[in-house]
Amino acid sequence: MVAFSAQGHLNPMLRLGKRLISHGLHVTIATTHLQPGRRLFKPSSSSSATGHDIDFLFYSDGLDGRKVDIDTFMDSLSQHGPTNLTKLIHQNYHTAPSDANNRVSNPFVPWAANVAHDLGIPCAMLWIQPVALYAVYYRYYRNLNPFPTLTDPDLTVNLPGLPPLRTEDLPSFVLPTNTFGAFSKLFSEMFGAMEKHASWVLANSFHALEADVIINSSKDLFPVVPVGPLVDPSLLGKGEEEEADGAVNLWEVDHSCMEWLDEQAAGSVVYVSFGSLATLSADQSASLERALKEGRWPFVWVVKGTEAGELSTSSGGGQGIVVAWAPQTKVLAHRAVGCFVTHGGWNSTLEAVAAGVPMVVYPQWSDQPTNAKLVEDVFGVGVRVRENGDVKMVVGSEEMGRAIREVMDGPKSEQIKGNARRLKIAAGEAVAAGGEGTSKVSVRKFVDEIVGR
Ligand code: UDX
């Protein structure tokens with residue numbers, strides 16, 4: 001497996017790796033040592049990190065540890081990655097590269113499909129976001145449907161199997177205002193390489209969650225096969241070992257919040273986390289902090305090292321607890337947690353779905369606005385924050401409070417909680433060991449094809 005070295009990409013790859021191992025495959029993950037501005041990620045083997053026998057191999061991104069902006073990083077990776085990955089494969093598969101039966105890569109390393117093709121290795125891609133996003137990006141980059149332009153910035157996008165998407169519901173990379181050129185290039189390359197070389201596109205989603213868009217996409221797009229949720233619902237919150245769910249952490253996990261959670265009433269706590277990349281501005285943090293204080297909800301808030309100091313009650317002030325990096329799946333599975341305030345990263349969203357925890361989504365960029373739309377209007381398991389009917393980057397404390405109340409005990413709360421309970425059950429059924437759930441069957445078919453059964 002070839003993974004982009006970021007938390008939100010490694011977690012689903014590792015979790016898929018663990019599933020493949022349970023079917024008797026051997027799994028090696030190749031990734032780069034460094035990602036810009038992040039800690040060195042260098043486990044010698046994930047058996048120590050995850051308790052499963054996944055080997056790690058590392059290739060160079062060509063930067064020799066230099067810190068650069070994301071566009072430069074992506075350019076360097078796509079310039080040096082193919083040669084360095086090819087070398088790595090030759091070094092590690094002595095007889096013939098095709099000893100590596102199959103390659104799974106994720107979207108941020110689109111050239112990995114070309115490397116696989118050149119070496120004669122069958123190739124699959126793991127789409128780490130919802131199928132809805134697969135459909136949106138595919139249709140945008142292949143010009144299959146009209147999208148907003150500079151002259152028509154407010155165009156509503158109507159796509160098969162999805163509700164009408166307004167500008168604020170679309171991923172930031174398809175908007176005419178997008179400033180991240182590297183990502184546009186990357187997605188174009190990805191769909192090109194995928195159509196030419198991929199045998200499978202697997203997605204971290206499940207049929208009952210996104211049935212409409214999955215069925216509609218299979219009619220006219222390169223077929224996508226849901227194999228999720230890759231986080232294992234049966235392991236959520238279980239086991240003393242840190243990585244019971246198969247994820248790896250780029251930061252040190254602070255478990256202090258678990259004992260504190262044990263002392264809180266069931267469903268009373270608001271868990272706040274914005275994933276590994278998004279950082280809140282001082283104004284955003286202040287609004288959220290005020291809302292939590294005014295609502296008197298006990299809280300666990302992840303304030304990453306880079307943001308520390310932005311929260312005036314850095315200890316939580318008695319009402320809550322602040323940690324730099326939480327054991328997130330354990331927190332979500334804890335009976336005390338009643339609401340998850342999230343940026344709507346797809347791993348976090350699916351983890352909350354699998355744990356049955358309703359969400360308040362405060363999206364920042366990338367796929368998050370679309371994920372927020374799905375959570376509120378398609379899955380019905382949460383609300384998105386808004387200001388005067390508009391979606392804004394800085395949302396006032398009244399609106400934050402309204403959204404949390406709506407989930408915790410507002411008029412729609414019972415309906416939202418009921419939907420969350422139903423989807424939790426459906427998530428478990430999709431992947432249950434020994435069962436015949438849709439994702440479980442798809443993983444088995446994938447493995448059968450790899451080993452030629
Ligand atoms: C990135 C993108 O930002 C996101 O939009 C996309 O959907 C996936 O890639 P990230 O922002 O890190 O991911 O968010 P998310 O997808 O939610 O992944 C974060 C992961 O870190 C989750 O698996 C979560 O469990 C874990 N996490 C987060 C912790 O283990 N502890 C924490 O304190 C916070």
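How do the residues of the shell around the ligand divide into nonpolar, polar and charged? There are 8 nonpolar, 15 polar and 2 charged ones. (Ala, Val, Leu, Ile, Met, Phe, Trp, Tyr, Cys and Pro count as nonpolar, Asp, Glu, Lys and Arg as charged, and the others, Gly among them, as polar.)

A quick note before the views: this is a predicted model, where local features need pLDDT of at least 70, side-chain atom pairs count only at pLDDT 80 or more, and totals for chains, interfaces and linings use all residues. Residue numbers start from 1 along each chain as its sequence is written.

**View 1. The shell around the ligand.** Here 25 residues surround the ligand, and the closest are Gly8, Gly275, Gly345, Asn347 and Ser348. (To be near, a residue needs its C-beta atom, placed from the backbone, within 6 Å.) H11 gives the largest share of this shell, 4 residues. (Helices are DSSP runs of H or I, at least four residues, and strands are E runs of at least two, numbered from the N terminus.)

**View 2. Helix H4 against helix H6.** H4 (residues 112-119) and H6 (residues 181-197) pack at about 30°, with axes 9 Å apart. (Axes are lines fitted to C-alpha atoms, for helices over the stretch in contact, and angles run from 0 to 180 degrees between N-to-C directions.) The two are therefore roughly parallel, the word for angles under 35 degrees.

**View 3. Who touches whom.** Ala113, Asn114, Ala116 and His117 of H4 meet Ala193, Met194 and His197 of H6. (Contact puts C-beta atoms, placed from the backbone, within 7 Å.) By class, that's 4 nonpolar, 3 polar and no charged residues.

Notes. Parallel < 35°, antiparallel > 145°, perpendicular 65-115°, else oblique. Contact = placed C-beta atoms within 7 Å.
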